[in-house]
Protein chains: 4
Amino acid sequence: MGGSAEERETRASSTARLEAFSDGVMAIAITLLILEVRVPDVGPHEQLRSALAHEWPSFAAYALSFLTVGIMWANHHQMFRHIERTTFGFLMMNVVFLLPVAFVPFPTAVLAKYLGSDAERTTAVVLYGATFIGIAIMWNVVWSFAVNGRRLVGPEVTADAIRRGTRSYRLGPITYAVGTVVALFNPIAGFAIFVALAVYWLLPGSGPG
Amino acid sequence: MGGSAEERETRASSTARLEAFSDGVMAIAITLLILEVRVPDVGPHEQLRSALAHEWPSFAAYALSFLTVGIMWANHHQMFRHIERTTFGFLMMNVVFLLPVAFVPFPTAVLAKYLGSDAERTTAVVLYGATFIGIAIMWNVVWSFAVNGRRLVGPEVTADAIRRGTRSYRLGPITYAVGTVVALFNPIAGFAIFVALAVYWLLPGSGPG
Amino acid sequence: MGGSAEERETRASSTARLEAFSDGVMAIAITLLILEVRVPDVGPHEQLRSALAHEWPSFAAYALSFLTVGIMWANHHQMFRHIERTTFGFLMMNVVFLLPVAFVPFPTAVLAKYLGSDAERTTAVVLYGATFIGIAIMWNVVWSFAVNGRRLVGPEVTADAIRRGTRSYRLGPITYAVGTVVALFNPIAGFAIFVALAVYWLLPGSGPG
Amino acid sequence: MGGSAEERETRASSTARLEAFSDGVMAIAITLLILEVRVPDVGPHEQLRSALAHEWPSFAAYALSFLTVGIMWANHHQMFRHIERTTFGFLMMNVVFLLPVAFVPFPTAVLAKYLGSDAERTTAVVLYGATFIGIAIMWNVVWSFAVNGRRLVGPEVTADAIRRGTRSYRLGPITYAVGTVVALFNPIAGFAIFVALAVYWLLPGSGPG
């Protein structure tokens, strides 16, 4: 606005507001997850305690999505320590990246509802994996755009750091694709892979390096 | 507060908190959109997979509103690179601008529910378009107030940049009005115009310049 | 934490995080208001257009609460231009202030549902007014604590500015109490007073000075 | 990202974005609490006034959780005045801390629904207490990690301040465990302990020192 498209593209600005907006969307998406956990209605011959226990898929889905989106937030934080400028096009790309992130509460709720169903578990886990494949692909798109020709990175970022970043981000879509393909044959195993990925990234010193 | 109304009007302050609040409202509105996508209840003779496929209007409405509000956020960001001060009246004006933005989840949910209905598609698309006409008009009000007599813009903003901004913002209400009028006769075509506008603005180098 | 209670009280810190948290709560409360507007279910002999028109109390309640909370945000912004330090006790006081602010979506939803009901309109408008009386009282508590003995205000804030602030904040509980008492006899008139207050504060140069 | 795991661990960065993200999650969790308070449906022989009065457990649960999470936010604020650096592992730890915080709306809604039920009150209060035990434990984990070997604290933080912080944080899990154990025998008494803790911490000069 107030400038030609080309000007807007070249006139780079700081990433402060982009980071604040992304943090906002991720903080909200992560906190909305709890709305998916329903307060059980307890009939006359039931107990709240056992009704809560039967809701284990909701708790599992909540914890998995919370930690996974939290890991993404931490990685977004790390990535933007290397990126120091932004352009209108890059803002837009970040919006497209946030689209599947803000979508996460939906596949999480589907997983919570159908993880306990033999007939529909596969569909639920595959939808879940597909969402994270989408996010992981966008991650690579955002990073490539930023480092291509060193467009948006600071002068202190070494070529080596860029190469290592590129290599590690490439693992994201692959690992989620493996989990999703496994889920097509064995949804429990696919789900276990997603849990294992979250636990692995949470451990200090074992994140995508 | 702690000052007469006139004082409040003239004592301009920085735009940091206005931008943070606006980012917050836009980040929340964009993330609440997912609550409109319902987890399907699958009966004994149905499949989750086909139930999800039948929800395509929800997914389409989610994506369209997410991208459109995201584009607005990026444009708000660009606009406020030119605006460097604020007054109490301008804060209020920005609140009135945010009212239809925070309203977006409602017409989005109406669109998601009735896009597949032959009888009600027109109403749903027109309501959707009318909301964005409202936002686009407020955009012009906010910008006019800020640049009128160079009230709130920085000294580095050229008269030319202001003229170009004014011209480009004027296109907003017009394009949404065209889409809304088209929707009165052919709602699918109106909806397609809104999708086209979002895609056009997303492409690098093709935004309203 | 990591300090005695007295130390915590005296060791004042900047208001940045307090403002950010308050902005966050107000931005979320204002954006959650839209969840109260329900997507109508249209039966075979109804029209979406008329169903939407019948929802006018929801739209009216949404707009009124959005503008009123928005005005509060802008006033919070103005107030904290005078407050430059914070203490643990003041953080807590601000949390108590935010409690009725975050409560606003509830009386708004009650108002939306019962504004059209002759039997229950009074209760709905009185609950609404009572909520804002509570907020307006807390406003005075927060301001008194901050300016008492010039505890948390900056050296540039004149005694006169403090006096004028105190006087204007005192009007808040009174005007809302008047509206609420009027509502006990005539809820429509009480509601009209709340609308008039919002419009009056929105107009540039007419806010509580 | 863009660095080996070890590098990521050692390359500490400022806590600004961690604090902003945590504030966001806490602000959203605290504001979502209101969604648990349902607008009553009033039948032909009921009154809205008495229906609202019957919802007292919802209001009590809302107020208790709001104040308790608010106190946590203020304490997080105080804690991070001592912490000046962060690492990838510490970001992750903070995400794990936020998991039970963002979970609070669920036990709050369970409490609101079953506090009035003789049969299920115990389960509801115990679930509520267990959530806060979890939060209080994570509080100790986060603090220990930060001060262990003075890893992330600033040079101005005295050994004495660290010791006092450690001692006061240890009280958290103990007091919540006491309340939860009491609730097993007398849920009303357990609930009263949680209310008393919130009121005690709210009073100036009486917080955990």
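**Entry 1**

I began with A:Asp160 and A:Arg164, which both sit in helix 8 (residues 159-185) of chain A, four residues apart, about one turn of the helix. I'm working from a predicted model here. A:Asp160 makes a salt bridge with A:Arg164, and the closest N and O atoms are 3.3 Å apart. Four places apart is a handy spacing, because an α-helix has 3.6 residues a turn and residues three or four places apart point the same way.

A:Asp160 has a relative accessible area of 36%, so I noted it as partly exposed. A:Arg164 comes out at 18% and counts as buried, since the cut-off for buried is under 20%.

I then turned to chain D. D:Asp160 forms a salt bridge with D:Arg164, with the closest N and O atoms 3.3 Å apart. Both D:Asp160 and D:Arg164 lie in helix 8 (residues 159-185) of chain D, four residues apart. D:Asp160 is partly exposed at 38%, while D:Arg164 is buried at 17%.

**Entry 2: salt bridges between chains**

How many salt bridges does the whole structure hold over all chains? My search gave 28. I picked out A:Asp23 and D:Arg17, whose side chains meet at 2.5 Å, N to O. A:Asp23 is in helix 2 (residues 16-32) of chain A and D:Arg17 is in helix 2 of chain D, so this pair joins two chains.

Buried or exposed, for A:Asp23? A:Asp23 is buried, with a relative accessible area of 5%. D:Arg17 is buried too, at 8% relative accessibility. I also jotted down a network of salt bridges that links A:Arg17, B:Glu19 and B:Asp23.

**Entry 3: chain D against chain A**

I went through this interface next. Chain D puts 39 residues into the contact and chain A puts in 51 residues. The buried area between chain D and chain A is about 4,000 Å², and carbon and sulfur atoms give 70% of that. I found three salt bridges across the interface of chain D and chain A. I also found nine residue pairs in polar contact there, both residues at pLDDT 80 or more.

Which helices of chain D supply at least two residues each to the side that touches chain A? My list reads helix 1 (5-10), helix 2 (16-32), helix 5 (88-103), helix 6 (105-114) and helix 7 (121-147). Helix 5 of chain D gives the most, with nine residues. By class, the side of chain D that touches chain A has 26 nonpolar, six polar and seven charged residues.

**Entry 4: chain B against chain C**

For chain B and chain C, the contact takes 39 residues from chain B and 51 residues from chain C. About 4,000 Å² is buried between chain B and chain C, with 70% from carbon and sulfur atoms. The interface of chain B and chain C has three salt bridges. I looked at C:Asp41 with B:Lys113, a salt bridge whose closest N and O atoms are 2.2 Å apart.

I also checked helix 6 of chain B, and nine of its 10 residues are buried. Among them are B:Pro105, B:Phe106, B:Leu111 and B:Tyr114.

Which chains don't touch? Chain A and chain C don't, with their nearest C-alpha atoms 9 Å apart. Chain B and chain D don't touch either, and their nearest C-alpha atoms are 9 Å apart.

**Entry 5: aromatic rings**

I counted 64 aromatic pairs over all chains. The rings of B:Tyr128 and B:Phe132 have centres 5.0 Å apart and planes at 50 degrees, so I logged the pair as tilted. B:Tyr128 and B:Phe132 are both in helix 7 (residues 121-147) of chain B, four residues apart, and both are buried.

I compared that with D:Phe97 and D:Trp139. Their ring centres are 4.9 Å apart and their planes are at 85 degrees, so this pair is edge-to-face. The pair links distant parts of the chain, with D:Phe97 in helix 5 of chain D and D:Trp139 in helix 7 of chain D, 42 residues apart. D:Phe97 is buried at 2% relative accessibility, and D:Trp139 is buried at 8%.

How values were computed
Residues are numbered from 1 along each chain as its sequence is written. Chains are lettered from A and ligands numbered from 1 in the order in which they are written. Side-chain values use heavy atoms; hydrogens and water are left out. Contact means heavy atoms within 4.5 Å. Buried area is the accessible area (1.4 Å probe) that two parts lose on being put together, summed over both. A salt bridge is a side-chain nitrogen of Lys or Arg within 4 Å of a carboxyl oxygen of Asp or Glu. A polar contact is a pair of N or O atoms within 3.5 Å; within protein, one must be able to donate a hydrogen and the other to accept it, and residues adjacent in sequence count only if both atoms are side-chain atoms. Ala, Val, Leu, Ile, Met, Phe, Trp, Tyr, Cys and Pro count as nonpolar, Asp, Glu, Lys and Arg as charged, and the others, Gly among them, as polar. Rings of Phe, Tyr and Trp (its six-membered ring) pair if their centres lie within 6.5 Å; planes under 30 degrees apart count as stacked, over 60 as edge-to-face and the rest as tilted. Buried means under 20% relative accessible area, exposed over 50%, partly exposed in between (1.4 Å probe, protein chains only).
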